[in-house]
Each structure stands twice: as C-alpha cells, then as structure tokens.
Amino acid sequence: MIDLGSFSSLQLDAIREVGNIGTGNAATALSKLLSCMINMDVPKAELVSIYELAEHYGDPGREVAAVFVRSLGGFGCSLIFVQQEEDAQLMVDLLLKQQFGDYLPENLPQEMRDSALTEVGNIILSSFLNAINLLIGTQHQISVPAVAHDMLSSILDVVASIFGQMGEMALMINTQLRVEGAGLANISGSIILVPDPDALEMLLRKLRVL
Amino acid sequence: MAEASHVLGMADLLVARAPVKLVTLGLGSCIGLVVFDTTAKVAGMAHIMLPDSRGAIGNEKVGKFADTAVPALIDEMLKKGAVKSHIKAKIAGGAQMFALPGASADFLTVGARNVKETTARLARLGIALIASDTGGNKGRTVEFSTSDWMLKIKTLGKGVTEI
C-alpha cells in the first residue's frame, strides 16, 4: 500500500494534473447544462491531516450540500461535489428556470429541487471521472448519486474514515468551479476526489510516477 | 466558578473536573462519547472516528478508535478521581451521511460499526450506557455540561434535543 507520508512532489504534481484534466471536462459539462460560462481554478493536490479536514476547507459547522458517487472497477474512488447551501440552491434555481421558464422554482417541492441538484452533481462528477478513465485507459462503472445537506465536518467524516483506516493523512484533489454570467450571483462548488487505497497505486503506475 | 469550555476535534479525548462544558462539532459517522461521575464531579469526552485499531499503522491517537478510546477514557476518569461503578455514559453520532442503493461500500456504514463497537467496549468494562442518539443520516453537534449532566444534540433542520 502507498505510504502517503513519503509521497514525492512529482507524484503530487502528477495527481494534480489528473485533477486538471477531470476538472476541465466537468466544467465543460456544467457549462453546457447551464448555458453559462464556467471558470475553474487550477486544482490542488495536497496531503491533509485527517484530524483537520474540515478546518482545512472552512468552518466545520458550515451548512453545505454535497453530492456523492462511487466509481467501481477501473479506477476505484469516491467523488464528492460540495457547495455552500446557498450556492447549491442558486444553482438549482438557475437550472430549473431554464427548464420551466416563468414557473417559480421556489414553489417546487424540495424533493424535486434535490433531484435537480443531485443530477447536476452527477453530471459534474461523471464527466470528471470519464476524463480520468480515458487518460489512464481503464473502464469504470459509476454508482447512482446520493445527496446530503449537512455540516461540512459531518460530510467530510466520509473522507476521514476512508483515509483513517490506513493512516493519518488524506490525499485530497480539490478544485473549484464558478458559474459566471451577467446578473448572476457567484455560484461556486468544489470537487473532492478520494482515491481508494489500492487504486492510488494503480494510478501512480499508469502515470509512470511509481 | 465559571464553566470552562473545551471543543474537541477529531480523535480528541479529554477528561476534566466540573464545572466544565465539552463540545464537539459536526459528528457524521463519528461518535461523541461522554462519560461522567456525578459524585466525583468529573466528565470526559471522546470523538471516535473508527471502530477498530487493528491494522492501524504506527502510533496513532488513542481517541481515534473505539477499541482504544473507551478504555483510555475510563482510565483517565479513574485518574481524575472517578469511581468506576459510578461512571455513566451517553453517546451520540454514528450517522450514515450517504446511502447508495445497490452499491456496497464498507466505509459508508462505518457509523453503525462505530456505535456497535463503542457500545460493546463500554459493556465489557461494565460502564452503564444510559442514553444514546445514534444512526440516521444527519450530522450532530454535541455539547455536554456538568451543570445538569445533559448532552445537548443539535441537528441541522431538526433543532436541539437533550439526552
């Protein structure tokens, strides 16, 4: 198993590049879906203490919306798309206004809004994953998406418990997407990629940095 | 005397004399375990992340795993003057944040395993577990005060309950 403690900067760079390719694809998909321009940050690949995950990303008690998928087979990993709750709701409004025109999305039942949110997350994360699998030449299946609205630290428990089983550091690939457009409030969200322990080794070999 | 307040992070473990308030934020699958002795007036809390330390690498925090956190917390209580037969416990947490139909992933059910292991470890030491609020799919912020020995549990969208 990979020892995250002895990860080299070359390996981190290679992982970050994977994040870059995934994010580019995800941004394109989101842009098509919302008919908006999407800006993306240069992704970061970093090693973070599992004891300080939430603090690393902000206020642990902050209310966030998160969409979660698992990739099975090929490159095994978990992917989470996290947004501040207000941003998630703005994004849902944006999508539903396109679909329903004048119909006020606020009047839609919560389940329907959640379903829209889950689908946006699913599209972003699937596009991200497709790009990675194309890059390293693996085939994968993706689980149905799950959504949660909760405190940042509760959501990140999922990540902490995966990495916690093999040590005290988590490898996080984190990137931000921002919806841009005239008259739109800034909507942003982060993609977090959490490779399975055995998948990480495979990924590094395919990238020829192990 | 003013009540000292301590916020515990992941895998932290702390025992303190009353008056004290012990807080931990946003428990998802993690467990907030509280133990207290109202006669000796001491209370302790652990923020447990995983059930089982077997296979753990190196010298990790004892509060991280249920099987190491429970005995360590009780030991610490005894050192601070608690009497074992007087110690009572309350637990909260162990939620499953995401449910994926059809996809079985061990780590998604870690909350339930945390609850099971923590409960079993308390029983093994003969500590009475007098109240619990576990499972479900919502995160919890917990606050234990020695002013009334109650564990206050805050859940987004559901308000506050006390056990």
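Colleague: How do you know what span to expect for helix α1 of chain B, at 1.5 Å a residue?
Modeller: First, a caution: this is a predicted model. Helix α1(B) runs over residues 66-79, which makes 14 residues. The expected span is 1.5 Å times one less than that number, and this comes to 20 Å. From first C-alpha to last, the helix reaches 20 Å, close to the expected value.

Colleague: What makes you call residues of α1(B) buried, and which are they?
Modeller: The word needs a relative accessible area under 20%. Ala66(B), Asp67(B), Ala69(B), Val70(B), Leu73(B), Ile74(B) and Met77(B) are buried by that cut-off. Their cover includes β2, β4, β5 and α2 of chain B.

Colleague: And what comes just after α1(B)?
Modeller: There you find Gly81(B), with a positive phi of about 105°.

Colleague: Why is the pair Asp150(A) and Lys138(B) called a salt bridge?
Modeller: Their side chains meet at 3.8 Å, N to O. The limit is 4 Å between a Lys or Arg nitrogen and an Asp or Glu carboxyl oxygen, so this pair qualifies. The count between chain A and chain B is 1 salt bridge, alongside 11 residue pairs in polar contact.

Colleague: How much area do the two chains bury between them?
Modeller: About 2,500 Å², with 68% of it on carbon and sulfur atoms. On the chain A side, Tyr51(A), Met151(A) and Asp157(A) lose the most area to chain B, together 24% of what that side buries.

Key. Residues numbered from 1 in each chain as written. Chains lettered and ligands numbered in written order. Predicted model: local features only at pLDDT ≥ 70, side-chain atom pairs only at ≥ 80, totals over all residues. Heavy atoms only, no water. Helix = DSSP H or I, 4+ residues; strand = E, 2+ residues; numbered from the N terminus. Buried < 20%, exposed > 50% of the residue type's maximum accessible area, 1.4 Å probe, protein only. Contact = heavy atoms within 4.5 Å. Buried area = accessible area lost by both parts, 1.4 Å probe. Polar contact = N/O pair within 3.5 Å; in protein donor to acceptor, adjacent residues only side chain to side chain.
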